[in-house]
Amino acid sequence: MRVDVENLRAHRGGRPVVTDVSVSVPSGTVLGLLGPNGSGKSTLLRAVSGLAAPSAGRVRFDGTDITALSRRELARHVAVMAQEHSEEFEIPVLDLVLLGRIPHGRGYGRDSDHDVTLARQALARVGAAHLENRSFSALSGGERQRVLFARALTQDTPVLVLDEPTNHLDIAHQLELLDRVRATDRTVLVALHDLNLAARSCDAIGVLAEGRLISLGTPDEVLHTDLVRSVFGVESTAVAHPRSGRRHLLFDARSAPEPNDPTPANPPAPTEEEATTP
Amino acid sequence: MAQATNGRRAPVPFRRLLTNARPTGAPPDGAPPPTPSAGNTRRRGVLAARILVPALALTLLAVVVLSSSVGTIDVSPAEALRIIVGHLVPGMPWMSDGSLTTVQDNAVWQFRLPRALLAATAGAALALAGALMQAVVHNSLAEPYILGVSAGAGVGAVSFIVLGVGTSALGVGGAAFLGALAATAAVYTLAHKNGRIAPQRLILAGVALGSLFSAVTSYLTITTHAQNVFSIMFFLLGSVSAATMNHLALPSAALLIVGLYAAFHARALNALLVGDDAAASLGVNVNRLRSGALVAAALLTGSVVAVSGGIGFVGLIIPHIARIIVGSDHRRMLPVALLGGAVFLATCDFLARTLADPSEIPLGVLTAMVGAPFFLWLLRRDRADSVGVGR
């Protein structure tokens, strides 16, 4: 299913966060969204998944404006894996994954055998079959991410929206999840932080800075040292991967603030380590 | 088989560290890998619900019959059952063969049975209302009265008594119902902002309005004639002692309607367990569900408060007990909570009128005496810290 974002603007907390973003994602391709913290990735993804109405512009799935779809129809088109999770009440992992079947079922009644089979398959695919009977709140961060991804798969939608799905995952599970994403025939929009991982796993890369889409293209077109400097304020070196020959970025240091640059006041959030280093 | 065990042996202690599951008592060294059924809370919950629902229904029947037979006029449980069946099924031989006296018949059919049934209905309604409230405000400490419903009902009823309109049960009940609905409407309006009902704002608005209403009630109580104080206290503490079959109509109808509503929205309520955004992305219209469930809970609570006053803690404790036993899946939890509430309150009422015989303990006092210690335990055990205002 093709996803078109047209002249999208979105506010969050009364503040404009996404400004005039247009992007087309052909059916079955993976679009990676990169950008510093606060650049509007999550807000853009919320608008694409219909969780927050944009203040201007529109989102189309195969040409259909998503505002024309009911909540339930929308949930049969797009599954979301987000950061938020309420933990007030405990829920077993299999039940959590089975929630993905809600848009396909009725308001009452049991989960069908078909539902349970789909849920178990999804758990097995993300390597979480052994967690089936555990309580979700007792899982580690990485285990949770995999279970939430299984729920998104169980929802069985042509479009997947993933907001930083590799958070908390160890490197093996990061690669596994992104390979899984790449292998599906679904249209995927995914926000990522690891530039090299994004280059390896996405068909196209969009870079957001201060709510604007400043670069869009194949990973090789988009990811170069100039962009890393201007968007993230980080000096880097591009090398060819000795085995695959693919371009790989090595990060050297924070860029020195340019005296004639009037906007160094918005550097990417420093990590704790960087902040304490004099 | 042996290979599988070998392959899994290494991760077992590590996995044991990761899960903070309760220790099963099995020795960690050389223990076989956990079988799929070990620690299966899900399957245990399903099984518990399958046993508990019929068990609670039978217990409810037993308590109602027992409650109908105990009192100053001698009626055996068997006779009580015969009287009840005789009234429901026409043409039973024992109704006309003189084996039962009119006094016995009146005691059971006019006084004890309506009372036991009202207690059961009120308990079921309050438990269902509590379960709905806790689900839609994402808060395990929520209960039916948190929206200021009982405080609003209190103002309605007490104003009615103090203004001298009368002390008829019907009038006081009607005033209480109006007060309850007005309070709910006020809290709902206050919590509604930017097209969204924020759970946290809802709770805080309810608590604040509840305090305001309680203050009004206290002021009215302290400044009124002494003769009114007894009626006021009787209402505020809650009682089903004046029950007649007519009193049953309003709460029963509310229970039926809301019960059906809850049954059709059980899966959507499950989705709400994992958060508003997640539920929305699963196709649930969160605002509509929250509004619907709040109105449903207010209807239940208002109709109960109108006929039996503010009976505390049922709506808080019963859903929690149900959740602990059968898990948080509403398709299992709601029926267990509903029946559990009925059994709990019918039993409490039975105790309330027999423990201190011939006088009577107000029902609200008894439920609170059982409920308050549980609530305190919940405060210690539950993640009360995580009920952050900032969320």
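## Chain B in outline

Helices and strands are here taken as DSSP runs, where a helix needs at least four residues and a strand at least two, with numbering that starts from the N terminus. Counted in this way, the secondary structure of chain B comes to 16 helices and two strands. The model is a predicted one, and every value in this report should be read with that in mind.

Of the 391 residues in chain B, 46% are buried. If we take the contacts in chain B that have a separation of 6 or more, 76% of them are accounted for by residues 24 or more positions apart.

## The domains of chain A

For chain A, the domain assignment gives domain 1, which covers 3-223, and domain 2, which covers 234-260. The centres of domain 1 and domain 2 of chain A, taken over C-alpha atoms, are separated by 29 Å.

Chain A holds an open sheet of four strands, which follow one another in the order 2-1-4-5 with antiparallel pairing. Strand 2 (15-25) and strand 5 (64-65) of chain A are the edge strands, since each of them pairs on one side only. Strand 5 of chain A is joined to strand 4 (residues 56-61) of chain A in the antiparallel sense over two bridges, and F61(A) stands opposite T64(A), a residue in strand 5 of chain A. Helix 1 of chain A packs on the sheet, where it touches strand 1 (3-12), strand 2 and strand 4 of chain A, and the direction of this helix makes about 120° with that of strand 1 of chain A.

Helix 1 of chain A, made of residues 41-48, is mostly covered, with eight of its eight residues buried. Among these buried residues are K41(A) and R46(A), as well as L44(A), L45(A) and V48(A). Just after helix 1 of chain A comes G50(A), which takes a positive phi of about 80°.

## A buried serine in a loop

Between helix 4 (113-125) and helix 5 (141-154) of chain A runs a loop, and S135(A) lies in it. Why does S135(A) count as buried? A residue is called buried if 20 or more other C-beta atoms lie within 10 Å of its own, and S135(A) counts as buried because it has 21 C-beta neighbours inside 10 Å. S135(A) and P165(A) are 30 residues apart along the chain, and their C-alpha atoms are separated by 20 Å.

Key:
Residues numbered from 1 in each chain as written. Chains lettered and ligands numbered in written order. Predicted model: local features only at pLDDT ≥ 70, side-chain atom pairs only at ≥ 80, totals over all residues. Buried ≥ 20, exposed ≤ 12 C-beta atoms within 10 Å, placed from the backbone. Domains from an automatic or database assignment. Contact = placed C-beta atoms within 7 Å. Pairing = 2+ DSSP bridges. Axes fitted to C-alpha atoms, helices over the stretch in contact; angles between N-to-C directions.
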